[in-house]
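Subject: Structure handover

Hello,

I am passing on the structure we spoke about. Please look it over first; my notes follow below.

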Amino acid sequence: MTVIQKLKTAKHPLISVEFFPPKTGAAQDIFTKGAVELTGLKSDFVSVTCGAGGSAAGPTLEISKRLRGLGYDSVMPHCTCVGMSRAELARSTDEIAAQGFQNIMALRGDPPRGEKLFKPAADGFRYAAELVSFLRERHPKICIGTAGYPEKHPEAPDLKTDILHLKEKVNAGADFITTQLFLDNRAYFEFVEKCRAAGITVPIVPGLLPVISLEQINRMRTFCDFHVPAELLKNLEAAQNDPVQMERTGLSWASEQISELVEGGAPGIHLYLLNRAQTAFYPELFACLSRVRGR
Ligand code: FAD
């Protein structure tokens, strides 16, 4: 079943997890351990990010196959336009489809480190909407996910304009939206309201980072913009010298976020676990995820 079929038919909000292809030996070990342990979460689907260089037929596809081999039945490789011509995107996405993957997360991707502006590859795409349209035509049956930004994409002049561009991706054939991480649920609820007012009707799945430290927040803020609520910041700062308390503070916050999102009608929860299984198995968070799944 594709992700959109699951979103439309599930009796409970979906739980999904994002993995990223490890680059170093140590990261490889964390990934392997995390991927095995996270089968215990019984997520409804998992996605695999696509690193700089773009090619989804490289590490992203390899990791997607490994996850399928571990028993994850719905795996969604990400695909970006970075450094990819149309011909390369055609080859790469044909390979994904030929390997039996039925879902693709279609993204523009970020400019390479140190560069401010995104430059499309020769004969490549400038915006994700073009990739979505290309995929929809080439693989009519594939389920296409796309990215949404509750606190707006950093390059967009304002949220209204960004939502108009998001609508272009949906009009081009995207089946659902997964959001950038946010720590204040108001950002998600207001975003959904604005998307609906703009005529976007597809499911909007909130993406959540269960925070484990202040340092992690600061690292994430170097590549995406999000507001840190004063209460969370105060509690994390108070636990500066106590990593266990810091983690407890962040994961309790995530549990409360999830409960409120689900009560507010979110169709799923997409977890940015950064390949770490222990985050999902923190008792309060795991209990909360189990309630979401009705277990
Ligand atoms: P777009 O939708 O093309 O938007 C990019 C910017 O262009 C926005 O500011 C938008 O408002 C603007 N824009 C769009 N269309 C137009 C237009 N016609 N005219 C003018 N402006 C326009 N990055 C990776 O490298 N690999 C990943 O695997 C990855 N996975 C992600 C998963 C999720 C769920 C999310 C939320 C992000 C992910 N990213 C990933 C990050 C993403 O690639 C970056 O945020 C990137 O900068 C934008 O990608 P996009 O697909 O949203 O681009």
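Setting aside neighbours within four places in sequence, leucine 271 is in contact with Ile15, Ser16, Val17, Glu18, Leu41, Leu208, Pro210, Ile258 and Leu289. Please bear in mind that this is a predicted model.

Leu271 belongs to the largest nonpolar core, which has 65 residues. Along with Phe19, Leu38, Leu67, Leu131 and Ile258, Leu271 is listed among those with the most contacts inside that core. Helix α7, residues 185–197, gives the most to this core, with five residues. Apart from it lies another core, of 16 residues, which include Leu181, Leu214, Cys224 and Met246.

On the cysteines: a search of the whole structure turned up zero disulfides. For cysteine 50, the nearest cysteine sulfur is that of cysteine 79, 6.0 Å away. Cysteine 50 counts as buried because its relative accessibility is 13%, under the 20% cut-off. Cysteine 224 is in no disulfide either, and the nearest cysteine sulfur, that of cysteine 50, is 17 Å away. Cysteine 224 is also buried, with a relative accessible area of 6%.

Last, the second largest pocket. About 180 Å³ of space lies in this pocket. Its lining has three nonpolar, five polar and four charged residues, among them Leu183, Asp184, Asn185, Trp253 and Glu260. Helices α9 (230–238) and α10 (243–263) each supply at least two residues of the lining, and α10 gives the most, with six.

Regards

How values were computed:
Residues are numbered from 1 along each chain as its sequence is written. This is a predicted model: local features need pLDDT of at least 70, side-chain atom pairs count only at pLDDT 80 or more; totals for chains, interfaces and linings use all residues. Side-chain values use heavy atoms; hydrogens and water are left out. A nonpolar core is a set of buried Ala, Val, Leu, Ile, Met, Phe, Trp, Tyr and Cys residues joined through side-chain atoms within 4.5 Å. Buried means under 20% relative accessible area, exposed over 50%, partly exposed in between (1.4 Å probe, protein chains only). Helices (H or I, at least four residues) and strands (E, at least two) are DSSP runs, numbered from the N terminus. Contact means heavy atoms within 4.5 Å. A disulfide is a pair of cysteine sulfur atoms within 2.5 Å. On a 1 Å grid over the protein atoms alone, a cavity is a set of points where a 1.4 Å probe fits but cannot get out, and a pocket is an open set with protein on both sides within 12 Å along at least five of seven lines; lining residues have an atom within 4 Å of a point. Grid points are joined across faces, edges and corners, and a volume is the space filled by probe spheres set on the points. Ala, Val, Leu, Ile, Met, Phe, Trp, Tyr, Cys and Pro count as nonpolar, Asp, Glu, Lys and Arg as charged, and the others, Gly among them, as polar.
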